[in-house]
Amino acid sequence: MNQASLPPIIPADAPDMAARAADMIRKGRLVGLPTETVYGLAGDATSSLAVARIYAAKGRPSFNPLIVHVESPDVAGMHGLFSARLEQLAQHFWPGPLTIVVPARPESPVAELARAGLGTIALRVPAHAAARAVIKAAGLPLAAPSANRSGQVTATRAAHVAHDLGAAVDLIIDAGASPAGLESTVIAEIEGKIVQLRAGALPRTAMEAVLGEAIALAGVGKDGPLAPGMLTKHYAPRARVRLGARRPQAGEAYLGFGPLAFVPEDGLVTLNLSERSDLTEAAARLFHHLRLLDDQGASAIAVAPIPATGLGEAINDRLARAALGR
Ligand code: TXA
Ligand code: MG
């Protein structure tokens, strides 16, 4: 990161925050935007130039489509075609950490580049007050991937955005640590079934309770992964990651969950995702803790077993990817 070229960071509660961010976005510039899930790198979704800047800033393979953030379910309906069941989930969980992939409406002004040329569009109505204020002030749909460089640990604080993207982002809004700390859950309807393309901040069980039916997990389709962004090398810290570890081996730092099952030796670098075994707290801390252990120079990180229930599904998904390395 080049210190000299850091973008301005303004607090989310600054009176002119939304106006400044909206002004940047209307000029085709990029804003580091807090949401309830993670920080987004937001730009005008109707401008292919702004969308191209997002891909360039992230160093992202251009076949990876972006989520389009809008102000309400009604506006989402102007960009995509919702089946009755997807509409039901949208009404129930929006605003919130749910992304819904639907066929794009031909009249939607969203740039084809934001969809990476696909016939479908990923839509989300965020709940975070700062994100909502900026969408409203800009009067535009915002394309916003997570504000980290492609393949790296997701940004959950303004400082992570500045560190990863530097001058490639024009303004960063600081709202502190992201409340959820995990990306949104991504779903679609495929051959009449609701399918989860990416585990995320909204547990699958919560959606199943509303639908009254099971939601399947997406596998890999005949044309590659169903959610193109689910590259296996996502979320990789520099350090090697070993999962399901009840105790660290020599030379490893330790990322705990719940009470430690061993007595730590002097000099062991250890952090805990949640001393009280709370999955919500663990999700909120996950990416920040991985970054902290990386920053302390750990060459290997052993991670405690995490239950796979509720939010644990998404946490284990991200950890499994982190363990595959860069
Ligand atoms: O919480 C979040 O979702 C954050 C915040 C900023 O909203 N955004 C985010 O975006 O995580 P990104 O670009 O890192 O992840 C987008 C995910 C990828 O897995 C991508 O493949 C999937 O959504 N996606 C987007 N459009 C799609 C489409 N048309 N079909 C299938 N998957 C799609
Ligand atoms: Mg991402």
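In which sense, left-handed or right-handed, does helix 8 cross helix 9? Which residues make the contact?

Reply: The crossing of helix 8 past helix 9 is left-handed (the near helix is turned anticlockwise from the far one by less than a right angle; clockwise would be right-handed). Helix 8 contributes L279, A282, A283, L286 and F287 to the contact, and helix 9 contributes G312, I315, R318 and L319. Sorted by class, these are 7 nonpolar, 1 polar and 1 charged residues. Nonpolar here covers Ala, Val, Leu, Ile, Met, Phe, Trp, Tyr, Cys and Pro; charged covers Asp, Glu, Lys and Arg; the others, Gly among them, are polar. Contact means heavy atoms within 4.5 Å.

This is a predicted model: local features need pLDDT of at least 70, side-chain atom pairs count only at pLDDT 80 or more, and totals for chains, interfaces and linings use all residues. Residues are numbered from 1 along each chain as its sequence is written, chains are lettered from A and ligands numbered from 1 in the order in which they are written, and side-chain values use heavy atoms, with hydrogens and water left out.

Now the geometry of that pair. Helix 8 spans residues 279-295 and helix 9 spans residues 312-323. Their axes are 10 Å apart, at an angle of about 25°. The two helices are therefore roughly parallel (under 35 degrees; over 145 is roughly antiparallel, 65 to 115 roughly perpendicular, the rest oblique). Axes are lines fitted to C-alpha atoms, for helices over the stretch in contact, with angles from 0 to 180 degrees between N-to-C directions. Helices (H or I, at least four residues) and strands (E, at least two) are DSSP runs, numbered from the N terminus.

S277 sits in it, between strand 16 (270-272) and helix 8. The phi of S277 is near 55°, positive in a residue other than glycine. Most residues other than glycine have a negative phi. S277 is partly exposed, at 37% relative accessible area (buried is under 20%, exposed over 50%, partly exposed in between; 1.4 Å probe, protein chains only).

Helix 6 has 6 of its 8 residues buried, so it is largely enclosed by the rest of the structure.

On to the cores. The largest nonpolar core has 43 residues, and F82, W94, L98, I100 and L123 touch the most other members. Among the elements that each supply at least two residues of this core are strand 3 (39-44), helix 2 (48-58), helix 4 (84-93), helix 6 (158-165) and helix 7 (204-211). A second, separate core has 33 residues, including A283, L286, I306 and A322. A nonpolar core is a set of buried Ala, Val, Leu, Ile, Met, Phe, Trp, Tyr and Cys residues joined through side-chain atoms within 4.5 Å.

Two other helix pairs complete the picture. Helix 4 and helix 7 cross at roughly 115°, their axes coming within 10 Å. Their crossing is right-handed. R85, Q88, L89, H92 and F93 of helix 4 meet A206, M207, V210 and L211 of helix 7. That contact divides into 6 nonpolar, 2 polar and 1 charged residues. The loop between helix 4 and strand 5 holds P95. The W94 to P95 peptide bond is cis, with omega near -5°.

Helix 1 (residues 17-26) packs on helix 5 (residues 129-138) at about 55°, with axes 8 Å apart. Helix 1 is thus oblique to helix 5. This crossing, helix 1 with helix 5, is right-handed. M17, A18, A21, A22, I25 and R26 of helix 1 touch A130, A133, V134, A137 and A138 of helix 5. The tally for that contact is 10 nonpolar, no polar and 1 charged.

One more backbone point. E191, not a glycine, has a positive phi of about 50°. E191 lies in the loop between strand 9 (185-190) and strand 10 (193-198). At 78% relative accessibility, E191 is exposed.
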